[in-house]
Amino acid sequence: MPFFTTTNSEKSNPIDIYYEDFGTGKPIILIHGWPLSHAMWEYQVPALVENGYRVISYDRRGFGTSSRPYNGYDYNTMSTDLKNLIDHLSLKDVILVGFSMGGGELARYVGQYGTANIEKLVFLSSIAPFMMKTESNKDGVPEKVFEEFKKNIKEDRLGFLKEFGNNFVNYDQNEDKVSDAQLHYNFALAASALPKATLDCIDAFGKTDMRDDLKKIDVPTMFIHGTADEVVPPTPTAKQGHEIVNGSRLEMIEGAPHGCVFTHTEKVNSLLLDFLK
């Protein structure tokens, strides 16, 4: 199984990041959402590989098959893990695609390392640039929502994840688009993550302001978001990001929930391929 050791360690113990690398051609890195793993890209990887791209997906620290350190679930650390993956594979002119929480790695990567080695960026159902409601971000989500997430995870993590999985795809509205089996699989992925990682990532994706990071983006960028996303509202995220990033493209998928990769797969793949070309 392919792993690389990131420079971020804990108590001198190495932290190994699991990744998969398929196809040849221009490299694309897919960064998964919370609380899933690289496996969420099951229906994007073959579509991209079959269209001539080299597709790399990996498990964020604490999730999937990667190492499970107790700390390090902040965007500075996690974007450094991404940088180390790019360096490990000696990638050039990389296309980065970040779903939900994964959009934060894209933003902070640019904030920390710039775009010299990046060709394009795709923010898909992304939390960037800033989800939390503040005086300067009035369309955001109240902080109490994230605190309630944390409380529920501490008290009944699996119960929370089951309900969250339904909300992820607006299951009551999309029973014809996503199966019970897919929900069970997503639940298994989420349940297998380190509980501390699941908990700590809430502050990262919910409370990190990346508006200044997005101001540094100077490569072609696309924001994709569902109009029916009940997990990550599009106004403080995709729409605000589109306003910040000069020349960016905004694609709103009518009726799509947060987990549009499962319910609106063909549309998502079509938008990705069109933009990449």
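Biologist: Is Glu 230 buried or exposed?
Modeller: This is a predicted model in which local features need pLDDT of at least 70, side-chain atom pairs count only at pLDDT 80 or more, and totals for chains, interfaces and linings use all residues. Residues are numbered from 1 along each chain as its sequence is written, and side-chain values use heavy atoms, with hydrogens and water left out. Buried means under 20% relative accessible area, exposed over 50%, and partly exposed in between (1.4 Å probe, protein chains only). With a relative accessible area of 52%, Glu 230 is exposed.

Biologist: Where is Glu 230 found?
Modeller: Helices (H or I, at least four residues) and strands (E, at least two) are DSSP runs, numbered from the N terminus. Glu 230 belongs to the loop between strand E7 (221-226) and helix H8 (235-244).

Biologist: How many aromatic pairs does the structure hold?
Modeller: Rings of Phe, Tyr and Trp (its six-membered ring) pair if their centres lie within 6.5 Å; planes under 30 degrees apart count as stacked, over 60 as edge-to-face and the rest as tilted. The number of aromatic pairs in the structure is 17.

Biologist: What are the distance and angle of the aromatic pair of Trp 34 and Phe 205, and which parts does the pair tie together?
Modeller: The pair formed by Trp 34 and Phe 205 is tilted, at 5.0 Å centre to centre and 55° between the planes. Trp 34 lies in the loop between strand E3 (26-31) and helix H1 (45-49) and Phe 205 in helix H6 (residues 195-207), so the pair links parts that are 171 residues apart in sequence.

Biologist: Why does Trp 34 count as buried?
Modeller: Trp 34 counts as buried because its relative accessibility is 3%.

Biologist: Which residue is joined to Trp 34 by a cis peptide bond?
Modeller: The bond has an omega of about 0°.

Biologist: Where is Asn 170, and is Asn 170 buried or exposed?
Modeller: Asn 170 is placed in the loop between H4 and helix H5 (180-191). Its phi is near 45°, a positive value in a residue other than glycine. At 1% relative accessibility, Asn 170 counts as buried.
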